[in-house]
Amino acid sequence: MRDADRALRQTFARLAGVLGVVGAALSGAPSEAAEMSSAVADLYTSVSIYPPSANSMTVCYGFVCRRRQILEFTPQDRTALTQIMAAGRASAVAERAAVQKAVVWFDRRMGPILGTNKRVAKADFRYFDDKHNYDCWDTTRNTTSLLLVLRDWGLLKHHAIGDPRYRGNTLVLQTPHNTAVLVDRATRAEWVVDLWPRGYLQPPDVMPVEKWVKED
């Protein structure tokens, strides 16, 4: 009886393993998700989406990713982003400027698809127009995802991906806000890449974290 029980458990274990592989394939999970810190990974697990891969990313909108759309990168997308980032190879300053243009490219690429070409700067629930807008959680996730893709394509030479940063001090009427972050490889300085305060097709804010945390 003991041997029979052991054989039965082994059969169930093998079956569970097969079903797990099949389930992952059917679910559309990225086969090669980007390497990331636990803080960056939490951007995705907290809203139950897959992190980006070299081929696709989940685009969040509608405030805290209540609406979402998969962006499957085409060869044309990759060519466009490669050309944009090529202008930033000379220095960290040039690369940050190229990243701004890459984020604008993303805004233009997804705006007509999502309806976010109607979005406004600093949108939140008070605008009652979630279907056309990003909140700062959405822009943090989307920008971080785009940066991870650029890194995995070998298009970031001077920067690594930093953990998202947060600010908010009600004592001085500073509203809560968070942002994606780049880390300068040479100086280790952190730079925010913050799309939320800007309207459609406007370049994101790029500034040192030390300055950003003092902004309103």
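This note goes through the disulfide, the backbone beside it and the aromatic side chains of a predicted model.

1. The disulfide. The structure holds one disulfide, and the cysteines that it joins are C60 and C65, with a distance of 2.0 Å from S to S. As a reminder, a disulfide is a covalent bond between the sulfur atoms of two cysteines. The angle about the S-S bond is -65°, and the link of C60 and C65 is left-handed.

2. Burial of the cysteines. C60 counts as buried because its relative accessibility is 0%, and C65 counts as buried too, with a relative accessibility of 0%. Another cysteine to look at is C136, which has a relative accessible area of 9% and is therefore buried, since the cut-off for that word is under 20%.

3. The backbone at C65 and V64. Most residues other than glycine have a negative phi. Against that background, C65 deserves a look, for its phi is positive, at about 60°, although the residue is not a glycine. V64 also has a positive phi, near 55°, and is likewise a residue other than glycine. V64 lies in the loop between strand 1 (56-61) and strand 2, and C65 is found in the loop between strand 1 and strand 2 as well.

4. The aromatic pair. A pair of aromatic rings is described by the distance of the centres and the angle of the planes. The count for this model comes to one aromatic pair. F73 and W153 form that pair, with 5.2 Å from centre to centre and 75° between the planes, and its geometry is edge-to-face. The pair links distant parts of the chain, as F73 and W153 are 80 residues apart. F73 belongs to the loop between strand 2 (67-72) and helix 3 (75-86), while W153 belongs to the loop between helix 5 (136-152) and strand 3 (159-169).

5. Burial of the pair. Are the two partners buried or exposed? F73 has a relative accessibility of 13% and so counts as buried, because the limit is under 20%. W153 has a relative accessibility of 10% and counts as buried by that rule.

6. Charges over rings. Two arginines can be viewed together with tryptophan rings. The charged end of R96 sits over the ring of W191, at 3.6 Å from the ring's centre. In the other case, the charged end of R167 sits over the ring of W212, at 4.5 Å from the centre of that ring.

Key:
Residues numbered from 1 in each chain as written. Predicted model: local features only at pLDDT ≥ 70, side-chain atom pairs only at ≥ 80, totals over all residues. Heavy atoms only, no water. Phe/Tyr/Trp six-rings, centres within 6.5 Å; stacked < 30°, edge-to-face > 60°. Helix = DSSP H or I, 4+ residues; strand = E, 2+ residues; numbered from the N terminus. Buried < 20%, exposed > 50% of the residue type's maximum accessible area, 1.4 Å probe, protein only. Lys NZ or Arg CZ within 6 Å of the ring centre and 35° of its normal. Disulfide = S-S within 2.5 Å.
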